[in-house]
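Hi,

Here is the structure I promised to pass on. Have a look at it first, and then read on for what turned up.

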Amino acid sequence: MSTTIRIAAAVAALTGAPAIATEGHPHAAPRTPPEQRAQQEKCGHGVQKSLCTRCNPKLSAVYKAKGDWCAEHERPESQCAPCHPELAKKGVK
Ligand SMILES: [Zn+2]
Ligand SMILES: [Zn+2]
């Protein structure tokens, strides 16, 4: 009886254990795929680079057309940290 158990344990050690050891936590892969992370890359203003009107002045027309514009601070209302302190907390400048 005990021999059977020892063999079973040995087989488990040979087959299961190494696989678990290597597949346990594949070096903390980020959830967002690389291409999405590139899109979400922040510019010096703390907003998505591709959506920043201060980096891409041409975008301001798009935001103005949408009605998302703060004339006082010359940036989209949705990116206006002076008007929206919660954005400043997120790192928007
Ligand atoms: Zn910017
Ligand atoms: Zn504003």
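The protein chain has 4 helices and 0 strands. Keep in mind that this is a predicted model. Reading from the N terminus, the order of elements is simply α-α-α-α.

A couple of overall numbers: of the 93 residues in the protein chain, 9% are buried. As for contacts with a separation of 6 or more, 16% of those in the protein chain involve residues 24 or more positions apart.

Arg 54 sits in the loop between α2 (34-39) and α3 (59-66), while Arg 75 is in the loop between α3 and α4 (85-89). Setting aside neighbours within four places in sequence, Arg 54 makes contact with His 45 and Arg 75.

Arg 54 has 16 other C-beta atoms within 10 Å, so it comes out as partly exposed.

Two C-alpha distances to check while you are there. Arg 54 and Pro 76 are 22 residues apart along the chain, with their C-alpha atoms separated by 9.7 Å. For Arg 75 and Cys 52, the gap is 23 residues in sequence and 8.6 Å in space, C-alpha to C-alpha.

Cheers

Note on methods: Residues are numbered from 1 along each chain as its sequence is written. Chains are lettered from A and ligands numbered from 1 in the order in which they are written. This is a predicted model: local features need pLDDT of at least 70, side-chain atom pairs count only at pLDDT 80 or more; totals for chains, interfaces and linings use all residues. Helices (H or I, at least four residues) and strands (E, at least two) are DSSP runs, numbered from the N terminus. A residue is buried if 20 or more other C-beta atoms lie within 10 Å of its own, exposed if 12 or fewer, and partly exposed in between; C-beta atoms are placed from the backbone. Two residues are in contact if their C-beta atoms, placed from the backbone, lie within 7 Å.
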